[in-house]
Structures are given as structure tokens and as C-alpha cells.
Amino acid sequence: MGRLRQARARVDDELVLAVAAEKERREVDRQAEQARLDEEWERLCRNEPDVAIAALERAFADNEAPAAPLDCDGERTTVAMEFQRPEAIVPERKPARTPTGKPTLKKRTKTEINRLYLEALGSNVLATVKETFAVAPGTQVVQLLVIRRDGKHSGGLAAIYLGEFDRDHYEGASGSRDPAEVLTRAPEAVLKLKGRAEEVAPIDLSDKEGLATVLDQVADGLNS
């Protein structure tokens, strides 16, 4: 019986040591992981391109309007967002009632379609800007380029919006009830509304060499 008690005591001691060793190992791993996260956070706060762009690519992966970070330069980040054509966004008809009160579907006017499309564009722009600021804390200014597939233009893509959003401006804009208005108020905004129906039309990037090159590169990538 004495030997049995000794064996049990030895097992108990070994178990205590094993548990302590495992706790120490886990604490070392936790500290190492925390140090890695702290370093990554500091690099994000400095807006280092490799870290910020990787974080934004992960964040944008499930967006309804596809987006991609193009560049980080100091506190400035450039993002491209793809948006669909109006016919893919806004239904041609809307619920209505006949003079006798029966439910029906009424065809929207071009002005109505274009207005709803512009509002949808504004909402998606603001959502992308918000996500950029949230994921990349070192970004103080977001330059956003919106592109759209368009067979009428070289490469099959056209730019339809360009704007800049700094954190202070965004904080005031994000609560707006009219996201379409936010597009035009953004600094350096380029938005072309064509005709009386105010159709969102392609914009000219010929005087913005860097962005024009980006558009060509994106078009080449999609075509290949």
C-alpha cells in the first residue's frame, strides 16, 4: 500500500508540473501572438502599404459593390470600386395602383431611374469609404474611383465617379439622408449628369494621368 501511495503521489506531482508547463507554453504563445497583433496594428496606424492593402483586400472580399485598394501613400489611400449599370440596379417598373384602386406595375421615368441609381451609387460609395477608414486607421484621406463596365469605351470600362473623402468630411457626410448629394459635395468630386434626366455618364480622366493608367490596367486585367 505504501508503494501505491508513493506512485499516486508521484503521478499527482507530475500532473501538476505538466499543467504548469502547459499554462506557461500557452502564455508564451499568447504573448507572441499579442506582440504580432500589436506590431500589425502599429503598421496599420502608419498606413504601411503592404499591411493596409492586405487588410483592405480581406475586408472588401464580400462587398456587394466589388472594391480593391490600389495604393497607400502616406495618409492617403486610393480605392477603386466597380458599380453596375442602371438596368442591373433599378427595376424598370414600380408598384402602383390603377384609378380604380387595383394594384399594378407602373413604368418608371428615366429621371426616376437615374435618381434611384445615383442614390444607390452614393450609398455604396459611402459604405466603401466607411469600411476603408474602419480597417485602415492610418488612412486620413480616401480617393475613390468608381468604374463601370461599358462596351462603348476602350477596354470595356468607364470611370463614372471620382471623389476624395477625409475623415472629418466623412463624419459629416455619413449621416446624410441624401447619399447622392454627398457625392457632389466631396472635395475634388468629378460626376457627370447628362441631360434633363440627369443620367450618370462616364467622366474624362485624360487630365488625371495616374488614374487613367489605373483604369487601363484594370480593363486589361479583366479582359485577360
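A residue is called buried when its relative accessible area is under 20%, exposed when over 50% and partly exposed in between (1.4 Å probe, protein chains only). Thr77 is buried, with a relative accessible area of 0%.

A word on the source: this is a predicted model, where local features need pLDDT of at least 70, side-chain atom pairs count only at pLDDT 80 or more, and totals for chains, interfaces and linings use all residues. Residues are numbered from 1 along each chain as its sequence is written, and side-chain values use heavy atoms, with hydrogens and water left out.

Let's stay with Thr77, which is found in strand β2 (residues 76-82); strands are DSSP runs of E with at least two residues, helices are runs of H or I with at least four, and both are numbered from the N terminus. Its side chain makes a polar contact with the side chain of Asn47 at 3.3 Å. Such a contact is a pair of N or O atoms within 3.5 Å; within protein, one must be able to donate a hydrogen and the other to accept it, and residues adjacent in sequence count only if both atoms are side-chain atoms. Leaving aside neighbours within four places in sequence, Thr77 is in contact (heavy atoms within 4.5 Å) with residues including Leu56, Thr132 and Val142.

Here is the chain as a whole.

| Feature of the protein chain | Value |
|---|---|
| Helices and strands | 7 helices and 8 strands |
| Buried residues | 32% of the 224 residues |
| Residues 24 or more positions apart | 57% of the contacts with a separation of 6 or more |
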